[in-house]
Amino acid sequence: MAAGPGRGAAPRGGGPIAVDTECDVAIVGGGAAGLWTALRAAEHGAAVCVISRTPLSQSASFWAQGGLAAALEAGDSPAQHAADTIAAGRGLCRASAVRTLVEEAPAAVRELRERGVIFDLDAAGGPALGLEGGHTRRRIVHAGGSQTGHEITAKLAAMVDAEARIAVRERTSAMALWSDGERCHGLVTDDGPLAAAATVIAAGGAAALWRRTSNPRGAIGAGSVLAAAAGADLADLEFCQFHPTALALPGSRFDGMLITEAMRGEGATLLDASGRRFTDELAPRDAVTAAILDRIEADEGAGVRLDLRELDPARFPSVFESLREAGLDPRAEPVPVAPAAHYTMGGIAVDLDGRSSLPGLYAVGECSCTGLHGANRLASNSLSECFVFGGRAARAASAERPTSDRPPAPGWRFEPPSQATRDAVWRLAGPRRRAEELRELRADPYPLAAAIATCALERAESRGGHLRADRPATDPELDGIHIVLGPDGETRREEWH
């Protein structure tokens, strides 16, 4: 994809300055949230530069198996979608964020179709709607069965490439935000500084901080680390969603491979060591994960398996092919599964237009925290979130104006976590945590690992994706309470409406 001087229009705030050094909107991240925000900001008239550490075809969004959740069925409604989201969120969803998502998601799906995204269709020519855990209606739109991320990201990349006001710099990493603690003025990359009136972090989540994960290795929460170092608030870091059905093949490159929830929606069942079904596979993810952990403990470490034998492989061709590559025959026998870190509900605290507590800095997608997901994300709300809130952030960011007086670029630079940190986060802040283990993790050198431990200690209860073995009950006093971590390292409790 082309990038470089002349690739984008000159920023509104000055003369013809190459977008390599200055732009209206700088976006960190080349997944669905970043690309959609870039496209919409350019259509609002902004000169945009997208920074992507990897080629766009290697983003986490590209590999997403889930779909987009939207109330499209005749018997469905935004109100029912909202009720399901709130129920899954375990008393912590921000009502205004939920309302925004469910009301705007149907239009987002229709717009993507109009722009050329090819979703799976039913016999009548409308979107074929799938059922996933926690949903009371069929409302998940997919592309290619379990290849939704591939279809959407490829189409978005083509749209971005065709937009003259967007420059894309692949294989370029953000090393710091250009901030004096009072305002963000752009960022510093490994290829030099980039000034911007607005900077949007769309760098994905942090689930690869846990050793066992369904995510690409680069999902280490870099956006949250950059934002906190620049002076922005983070929130809800204690909540990580552990996907219940990730392939369990220790030592194999396939270990942790996601087996999409849509397969359970079409009839796949979970079996214990004796071959008995032991849980409701379509309960919200936190409940299914807890049931698996309980079953493994009760069976003294014996694993559980997912039975796919009644499913049509043509419905999920990529999953069946990957399982065969892993040496398994899902048509003949159930496959071993176990929970793996999959999605982080917390991140950079933002409002409904993506604004962080640091002026000039925005965040969208998994690295952001609007409070939409509460303590446990409802399946497939995340891709819908990218388009609903990405579009809102694009409009707000494109209205920012550059400042005339910028501070010197910061000297601090981002350092990725070590393998020892990933091991420690899984061991000390895994699917079930204890205070003494979290206190040990607070000493980890990677800032986000220590921050996760701090917030998990502050929330002395079990709720959604945060299970405290030493505090197994849910505390009603913490209903609606978000743990916010300031740049000074101090926590505070806030209610978001």
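Trainee: Which residues of helix 4 are buried?

Mentor: Buried means under 20% relative accessible area (1.4 Å probe, protein chains only). In helix 4 the buried residues are T148, G149, E151, I152, T153, L156, A157, M159 and V160. This is a predicted model: local features need pLDDT of at least 70, side-chain atom pairs count only at pLDDT 80 or more, and totals for chains, interfaces and linings use all residues. Residues are numbered from 1 along each chain as its sequence is written, and side-chain values use heavy atoms, with hydrogens and water left out.

Trainee: What covers the buried residues of helix 4?

Mentor: Look for contact, meaning heavy atoms within 4.5 Å. Helices (DSSP H or I, at least four residues) and strands (E, at least two) are numbered from the N terminus. The cover includes helix 1 (32-43), strand 3 (68-69), strand 5 (140-141), strand 6 (166-170) and helix 9.

Trainee: How many residues does helix 4 have, and what is its reach?

Mentor: Expected span is 1.5 Å times one less than the number of residues. Helix 4 (148-162) has 15 residues and reaches 22 Å between its end C-alphas, close to the expected 21 Å. Helix 7 (285-298), with 14 residues, reaches 20 Å, close to the expected 20 Å.

Trainee: Which residues of helix 7 are buried, and what do they pack against?

Mentor: R285, D286, V288, T289, A290, A291, I292, L293 and I296 are buried. They pack against strand 11 (240-247), helix 6 (261-265), strand 12 (269-271), strand 13 (304-307) and strand 14 (335-344). Just after helix 7, E300 has a positive phi of about 55°.

Trainee: At what angle do helix 3 and helix 9 cross?

Mentor: The axes of helix 3 (95-114) and helix 9 come within 8 Å and cross at roughly 90°. Helix 3 is therefore roughly perpendicular to helix 9 (65 to 115 degrees). Helix 3 contributes A97, T100, L101, E104, A105, A108 and L112; helix 9 contributes N381, S384, E385, F387, V388, F389 and R392. By class, the contact has 8 nonpolar, 3 polar and 3 charged residues.

Trainee: Where is E400, and is it buried or exposed?

Mentor: E400 lies in the loop between helix 9 (381-398) and helix 10 (419-428). E400 counts as buried because its relative accessibility is 18%.

Trainee: Which side chains make polar contacts with that of E400?

Mentor: A polar contact pairs N or O atoms within 3.5 Å, one able to donate a hydrogen and the other to accept it. The E400 side chain contacts that of R183 at 3.0 Å and that of Y362 at 2.6 Å. T199 is 201 residues from E400 in sequence, with their C-alphas 9.8 Å apart.

Notes:
Buried means under 20% relative accessible area, exposed over 50%, partly exposed in between (1.4 Å probe, protein chains only). Axes are lines fitted to C-alpha atoms, for helices over the stretch in contact, and angles run from 0 to 180 degrees between N-to-C directions. Angles under 35 degrees count as roughly parallel, over 145 as roughly antiparallel, 65 to 115 as roughly perpendicular and the rest as oblique. Ala, Val, Leu, Ile, Met, Phe, Trp, Tyr, Cys and Pro count as nonpolar, Asp, Glu, Lys and Arg as charged, and the others, Gly among them, as polar.
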